[in-house]
Amino acid sequence: MDVLRPQLITIDGRNYRKNPIQENYPHEDDEGFYQDSMEYSDEPCDAYEVEQTPQGFRTTVNAPSLLYKHIVGKRGDTKKKIEMETKTSISIPKPGQEGEIVITGQHRNGVISARTRIDVLMDTFRRKQPFTHFLSFFLNEVEVQERFVKFQEEVLEKCSMDRGVDSSIFQNPKKLHLTIGMLVLLSEQEIQQTCEILQRCKEEFINDISGGKPLEAEMAGIEYMNDDPGMVDVLYAKVHMKDGSNRLQELVDRVLERFQALGLIVKDWNSVKLHATVMNTLFRKDPNAEGRYNLYTADGKYIFKERESFDGRNILKKFENFYFGSLKLNSIHISQRFTVDSFGNYASCGQVDFS
């Protein structure tokens, strides 16, 4: 990392410099773990709301209870260190109880410094949590499901002799979806906040792009993710507007940009790939696998999953322009991973409708 151009992290729309630290994600029981986590710039930030009281100054932090232990630290060392170095007092709700973290102190800059450190700590550990939800369009309309089943039947009929091709690697047609971005939502309050952000997106630009109507799209043609059609792990169907416009792409990219700007989606890319996974080799051993997003443990450690690729050359040749059906995209959902609703799709914790 260039020390003159350190990594920036975004918390609540504010940017902070992250000083170089060892990036091997030690376990929180290791010595020095919390020490390393505190190696951030904690310059006072005037954007925080700090209340002046007869006793000094006070501010609050909304945090899901799952993250309390990381702020307290092993034997309470992290909390004590922040209090000592910023000359503040930090009150944290009991484990399992949702509430506000309260920071008080005699000096405003000390209170702000403690708040900044806590925010950075929460961001650090939030990034190590497995994704819990994702923003998506449902693509499981009846016609599309029927055409997908036909696609699967024809592929197995014509290409089952190709290496690695069998029924186990096909997507569940009820779960066909288009992902906009992955989220870590750790409380009902955070789910509600995500709903509110989507509503603001609707008011500020979704209505203008959609015209207050469903976007008429279609799912047609197939493509593969990697660069070797003879060793494919993920095959997907392409999704595009029927009228040939880029309105769908513009809409999802602006939603992605908004959530990235708020620090809620990691900025891995600047544009959403409009696609629906139809075949995935992770399904071979685990029908509930969810692509590359389940390859990390809760503490951020990579899990190697051996995958047996398939030869997709004949499938790509025979079904290159396969038509899966038309779509009326009218809602962006906050879908919860590893859940199923009464229709067999991912459970939706909230949504914003275009019409």
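Modeller: Glu204 and Arg258 meet through their side chains in a salt bridge, 2.7 Å from N to O. Keep in mind that this is a predicted model.

Biologist: Which helices do Glu204 and Arg258 lie in?

Modeller: Glu204 is in helix H6 (residues 188-210) and Arg258 is in helix H7 (residues 247-261), so the pair ties together parts that are 54 residues apart in sequence.

Biologist: And is Glu204 buried, exposed or partly exposed?

Modeller: Glu204 counts as partly exposed, at 43% relative accessibility. Arg258 is partly exposed too, with a relative accessible area of 23%.

Biologist: How many salt bridges does the count come to?

Modeller: The count comes to 16 salt bridges.

Biologist: What does Lys81 form a salt bridge with?

Modeller: Lys81 pairs with Glu85, and the closest N and O atoms are 2.7 Å apart. They sit four residues apart in helix H3 (residues 77-86), so about one helical turn separates them. Lys81 is partly exposed at 21% relative accessibility, and Glu85 is partly exposed at 37%.

Biologist: What about Asp123, buried or exposed?

Modeller: Asp123 is buried, with a relative accessible area of 9%. Its side chain meets that of Arg127 in a salt bridge, 2.7 Å from N to O. Arg127 is partly exposed at 40% relative accessibility.

Biologist: OK, switching to sheets. In what order do the strands of the open four-stranded sheet run?

Modeller: The order is E11-E10-E9-E12, with antiparallel pairing. Strand E11 (275-280) and strand E12 (323-329) are the edge strands, each pairing on one side only. From one strand to the next, the twist averages 30°.

Biologist: How many bridges join E9 to E10?

Modeller: Six bridges join strand E9 (residues 215-224) to strand E10 (residues 234-241), and the two run antiparallel. As one example of who faces whom, Glu223 stands opposite Tyr236 in E10.

Biologist: Which helix lies across those strands?

Modeller: That's helix H5 (residues 142-159), which lies across E9, E10, E11 and E12. H5 runs at about 160° to E12.

Biologist: Now strand E7. How many of its six residues are buried?

Modeller: Five of the six residues of E7 (residues 133-138) are buried, so the strand is largely enclosed by the rest of the structure.

Biologist: And which strand does E7 pair with over six bridges?

Modeller: E7 pairs with strand E8 (residues 177-183) over six bridges, in the antiparallel sense. Within that pairing, Ser136 stands opposite Thr179 in E8. Four bridges also join E7 to strand E13 (residues 331-336), again antiparallel. There, His133 stands opposite Gln336 in E13.

Biologist: Let's talk about the inside. Which residues touch the most other members of the largest nonpolar core?

Modeller: Phe137, Phe151, Met219, Ile315 and Ile332 do, in a core of 58 residues. Helix H6 gives the largest share of this core, eight residues.

Biologist: Which residues does the second, separate core include?

Modeller: That core has 22 residues, among them Ala63, Tyr68, Leu121 and Leu186. As a general point, nonpolar side chains tend to be buried together in soluble globular proteins.

Biologist: Zooming out, how many helices and strands does the chain have?

Modeller: Eight helices and 14 strands. The chain has 355 residues, and 50% of them count as buried. Looking at contacts between residues at least 6 apart in sequence, 74% join residues at least 24 apart.

Biologist: Last one. What is the mean pLDDT of the chain?

Modeller: The mean pLDDT is 87, and 82% of the residues reach 70 or more. Over residues 21-42, though, the pLDDT is below 50. Beyond near neighbours in sequence, that stretch has 48 contacts in the model.

How values were computed: Residues numbered from 1 in each chain as written. Predicted model: local features only at pLDDT ≥ 70, side-chain atom pairs only at ≥ 80, totals over all residues. Heavy atoms only, no water. pLDDT = per-residue confidence, 0-100. Contact = heavy atoms within 4.5 Å. Pairing = 2+ DSSP bridges. Axes fitted to C-alpha atoms, helices over the stretch in contact; angles between N-to-C directions. Salt bridge = Lys/Arg side-chain N within 4 Å of Asp/Glu carboxyl O. Buried < 20%, exposed > 50% of the residue type's maximum accessible area, 1.4 Å probe, protein only. Core = buried A, V, L, I, M, F, W, Y, C linked by side-chain atoms within 4.5 Å.
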